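Please look over the sequence and the structure first, and then read on.

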Amino acid sequence: MTTPYIHRVHYYETDRMGVTHHSNYIRMMEEARVDFMEQLGWPYARMEELGVMSPVTAVNLKYHAPTTFDDRVEVQVRVKAFDGVRLTIGYTMTKLGDAPVMVLSGESEHVFLNAQGRFVRLKRELPDFHRLLTELAEEA
């Protein structure tokens with residue numbers, strides 16, 4: 001349904017050892033998530049115009065292999081779970097090349113809040129978005 005996000009590792013994302021600093025994978029996840037939401041027709045800018053924010057409430061990662069400057073990393077994004085309040089996004093990162101290598105697997109958890117910091121009832125306030133997330137969720 002969606003196209004994977006491709007990130008090219010920048011020099012500034014590497015550390016003194018020449019590998020991508022671990023914190024930059026969270027940035028790649030965010031880039032891929034923003035792209036994913038755009039592909040679904042629900043870009044963050046649209047949600048914010050509607051008064052809905054989606055903060056990250058948790059991140060869980062497993063690093064499998066390093067990347068270095070100029071590597072191309074494919075980020076697969078999926079809706080892992082959605083219970084109407086919490087959205088869990090799953091990520092798989094693969095270093096592209098002759099022999100693709102899994103780099104990272106992980107997830108981020110999100111909620112939906114209004115400008116006052118109160119939970120947004122997506123089912124009532126954004127029913128089309130709620131329906132889409134429910135359909136895409138791998139787990140209930």
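Just after α1, glycine 41 adopts a positive phi of about 90 degrees; helices here are DSSP runs of H or I with at least four residues, strands are runs of E with at least two, and both are numbered from the N terminus. This is a predicted model, in which local features need pLDDT of at least 70 and side-chain atom pairs count only at pLDDT 80 or more, while totals for chains, interfaces and linings use all residues. Residues are numbered from 1 along each chain as its sequence is written, and side-chain values use heavy atoms, with hydrogens and water left out.

Among the buried residues of α1 are Tyr25, Met28, Met29, Phe36 and Leu40, where buried means under 20% relative accessible area, exposed means over 50%, and partly exposed lies in between (1.4 Å probe, protein chains only).

## The sheet

Strand β3 is joined to the antiparallel strand β4 (residues 87-95) by 9 bridges, and valine 73 stands opposite lysine 95 in β4.

## The loop between β2 and β3

Phenylalanine 69 is placed in the loop between β2 (56-63) and β3 (72-82), and with 45% relative accessibility this residue counts as partly exposed. Although phenylalanine 69 and histidine 10 are 59 residues apart in sequence, their C-alpha atoms are 5.6 Å apart in space.

## Salt bridges

The structure holds 7 salt bridges, each defined as a side-chain nitrogen of Lys or Arg within 4 Å of a carboxyl oxygen of Asp or Glu. In one of them, the side chains of aspartate 70 and arginine 8 meet at 3.3 Å, N to O. Aspartate 70 lies in the loop between β2 and β3 and arginine 8 in strand β1, so the pair ties together parts that are 62 residues apart in sequence.

Glutamate 138 forms a salt bridge with arginine 78, with the closest N and O atoms 3.0 Å apart.

Conventions:
Two strands pair if DSSP finds at least two bridges between them.
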